[in-house]
Amino acid sequence: MISKEENILFNAEKLFAEKGFEGTSIREISKEANVNVSMISYYFGSKEKLFEKIFEFRMNESLSFAKDVIADNKMNEWEKLIVVINRYTDRVKNLKTFYLIMQREQLTNKNEHIVKVLNESKMGFLEIYKQLIESGLKNKVFTKRPRLEFIHSTISGTIFSALNSLPIYKKFYKGDEKYENLYFEDLNNHIKNVLKYLLGYEENK
């Protein structure tokens, strides 16, 4: 069961994705979340602070999960990387509203706090990928040392390009929900195959 604060966050997220920050009012959010305007003010203070909190919540959620995976000693470095990627693509698939807002915000860079939150998240994932690569090379799980920047851009760039292109692909192929599920499954496999080559990883060796 979600908290009152999360209920407001999730409903605001949906409206911000549909109408943008400027086009969404506090009253619309209160109606969508079925709460009083005063409750939104109590939890967040203002519409801008609520908007910022969505980014803080989603970025922390994602980074915390990845850090927990890295700390798991039961998996090798490739297995950890796959869990992180699976989670990443699954989140983009199921949280399209947030990731559309995120991409829109990255293009405008209007809110300095959000820019800071996003940059901290990117730095966090760069550090995670760096640890995985270094540890994987040391443990002979990987045989190649690719540029860290290319690992990050291969994962994030491919996922977001695929997300942005999905509507036209669905229209071209007259796709439905089944098409979309297979699309993200194949996207996952594509990224893994590219990373296998970049990292020199061989299964069953």
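**A helix and its surroundings**

The buried residues of helix α7 are Ile114, Val117, Leu118, Ser121, Gly124, Phe125, Ile128, Tyr129, Leu132, Ile133, Gly136 and Leu137. This assignment, like the others below, rests on a predicted model. The buried residues of α7 pack against α4 (47-70), α5 (77-94), α6 (96-108), α8 and α9 (177-199). Helix α7 itself covers residues 112-138, 27 residues in total. From its first C-alpha to its last, α7 reaches 39 Å, close to the 39 Å expected at 1.5 Å a residue.

Helix α7 also carries charged side chains that pair. Lys116 and Glu120 form a salt bridge, with the closest N and O atoms 2.7 Å apart. Because Lys116 and Glu120 are four residues apart in α7, about one helical turn separates them. Lys116 is partly exposed at 48% relative accessible area, and Glu120 is partly exposed at 42%. A second salt bridge joins Glu134 to Arg145, where the closest N and O atoms are 2.6 Å apart. This pair links distant parts of the chain, since Glu134 belongs to helix α7 and Arg145 to the loop between α7 and α8, 11 residues apart. Glu134 is partly exposed, with a relative accessible area of 38%, whereas Arg145 counts as exposed at 56%.

The structure holds 12 salt bridges. Among the residues involved, Glu13, Arg58, Glu61 and Arg91 are joined into one network by salt bridges that share partners. Glu52 and Lys49 are three residues apart in α4, so about one helical turn lies between them. Glu52 is buried, with a relative accessible area of 7%, while Lys49 is partly exposed at 46%.

UniProt, in an unreviewed entry, lists residues 2-62 as "domain: HTH tetR-type". That span is 79% helix and 0% strand, and its end C-alpha atoms lie 18 Å apart.

Two loop residues have backbone angles worth checking. Most residues other than glycine have a negative phi. Asn34, in the loop between α2 (26-33) and α3 (37-44), has a positive phi near 60 degrees. Lys174, in the loop between α8 and α9, has a positive phi of about 55 degrees. Asn34 is exposed at 70% relative accessible area, and Lys174 is exposed at 73%.

On the surface, Ile168, Tyr169, Phe172 and Tyr173 form a nonpolar patch with about 490 Å² of accessible area together. Ile168 is found in helix α8 (residues 148-173) and counts as exposed at 52% relative accessibility.

Note on methods:
Residues numbered from 1 in each chain as written. Predicted model: local features only at pLDDT ≥ 70, side-chain atom pairs only at ≥ 80, totals over all residues. Heavy atoms only, no water. Patch = residues over 30% accessible without salt bridge, like charges linked within 9 Å, V, L, I, M, F, W, Y side chains within 5 Å. Areas by Shrake-Rupley, 256 points an atom, 1.4 Å probe, with all protein chains shown as cover. Salt bridge = Lys/Arg side-chain N within 4 Å of Asp/Glu carboxyl O. Buried < 20%, exposed > 50% of the residue type's maximum accessible area, 1.4 Å probe, protein only. UniProt positions renumbered as here; feature names shortened; annotations may be inferred. Expected span 1.5 Å × (residues − 1). Contact = heavy atoms within 4.5 Å.
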